Amino acid sequence: MSLYKKCHRWFHQFASPKYFYDISHIISKYAIVVCIICFIAGLYGGLILAPADYQQGDSFRIMYVHVPAAWMALFVYVVMAVAGGIGLIWHIKLAEIVARNSAPIGASFTFLALVSGAIWGKPMWGAYWVWDARLTSFLILFFLYLGYIALQSAFEDRRVAARAGAILALVGIVNIPIIHYSVEWWSTLHQGSIISQIDKPTVHMSMLIPLIFMVLAFKTFYVTSLLIRVRTEILEYESNTSWVKQLLRDYKNVTN
Amino acid sequence: MTPRKKRIVIVCSILAGMALAATLILTAFEKNLLYFYSPTQVIAGETPTERSFRIGGLVLNDSVKRNTDNLEVSFVLTDTVNEITVTFEGILPDLFREGQGIVANGKLDADNVFKAEEVLAKHDENYMPPEVAQALEDAGAKIPESHDAAQ
Amino acid sequence: MSLTDFLSMGGYAKYIWPVYGICAVVLFLNIALPIFRERKVIRELQKRLQSEESKT
């Protein structure tokens, strides 16, 4: 069997609801453990071990919520758009489910990034909010998420909703590079990117390591939250299949 | 063309269309998306004269003069090429200090003095402990300047 | 470092702790609500399955 065929078969097996339902339990078990360890390490490192910043004092510790939330807001959007696109082209149900259930988590991360940024901005900049290119484009990201969520509840038929949502997500993806490069293309009040050069981080090691842990914690948190939602929707979608019926009987035996 | 190929073409054309539209819009609005003007742009007369606008740059060392009677403060803003004097009355943000990047909102008066109604501090992307900053300074190394603070 | 020093966060306590508090609430909701929903869906589907099977 050629490699392509192998990949193709694996992809379809992975995308089959039953297979994914089973394997997702294993994935989320590991994700929860990694998530908890990273949160403890990141919070301990960020709030206790990391020294105060030479300019911003202790207020820079807001970074450990703000930066992971903002990065994940972008990451989840890309996942949502790509999964939506896959669902649109190949009509893979699992991709549609992943796209739809990513939206509320991504919206939460965007909300967190906006609120933590506003609270950070007050003491440092002197204002909760300014209409510079970075903040404005990020607010648009929040509205894209809200629009997507509203669209999902506007349609009775989930597959129609998934298709409409995928088109919105794909149209909105143009905002992602704009957010990323806004601090380089235009003069903004927002600072530049802390990872513009990988080999020369602008954040000191003692402050960067807790940040990496927090980013990993947020990423595994997303996986955990997403998989619970995806499993629920798979059960609803497949409620008439024999494997779900058998599963429901088994669950009953466990709970009773 | 199979239906799937057709859908791939549709998705790709959505992406291409949006990229093109965004590029055109952003090019058209380029100037308006600038959050602030530099002192050089102010001196070149690129800024609006009637309405207020924002000016950004670094606070020149030893240029901050505080009036002891009220909260009035004046300082020189520089982009390392040109300088503009700024006056302001009010409370300055925590990060306001000499050598720091700031953005001020206000109007230019007849003597080319910028009367600010609001002063916001701009910080860069460098984060380090005070000892490291001190060590860098002692070694004579300049703390890497944010590329846009001196723009 | 004493606990009061830690809690005062160099004078930025009123900015830092609300951020971490809001973060905790948002993250908690993003786990708790999906779990509740998963349980509710399983219960409902089980009920439906039971009534279907009792009919036949």
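In chain A of this predicted model, the buried residues (under 20% relative accessible area, 1.4 Å probe, protein chains only) of helix α7(A) are Asn175(A), Ile176(A), Ile178(A), Ile179(A), Ser182(A) and Val183(A); helices are DSSP runs of H or I of at least four residues, numbered from the N terminus. The cover over these residues includes α3, α5 (133-154) and α6 of chain A, together with α1 (3-28) of chain B. Local features require pLDDT of at least 70, and side-chain atom pairs count only at pLDDT 80 or more, whereas totals for chains, interfaces and linings use all residues. Residues are numbered from 1 along each chain as its sequence is written, chains are lettered from A in the order in which they are written, and side-chain values use heavy atoms, without hydrogens and water.

Contact (heavy atoms within 4.5 Å) between chains A and B involves 45 residues from chain A and 39 residues from chain B. About 3,700 Å² is buried between these chains, 64% of it on carbon and sulfur atoms; buried area is the accessible area (1.4 Å probe) lost on putting two parts together, summed over both. Tyr54(A), Trp186(A) and Ser187(A) supply 20% of the area that chain A buries against chain B, more than any other three residues.

Between chains A and C, about 3,200 Å² is buried, 74% of it on carbon and sulfur atoms. Four salt bridges are found there, including one between Glu52(C) and Lys245(A), with the closest N and O atoms 3.9 Å apart.

Note on methods. Buried means under 20% relative accessible area, exposed over 50%, partly exposed in between (1.4 Å probe, protein chains only). Helices (H or I, at least four residues) and strands (E, at least two) are DSSP runs, numbered from the N terminus. A salt bridge is a side-chain nitrogen of Lys or Arg within 4 Å of a carboxyl oxygen of Asp or Glu.
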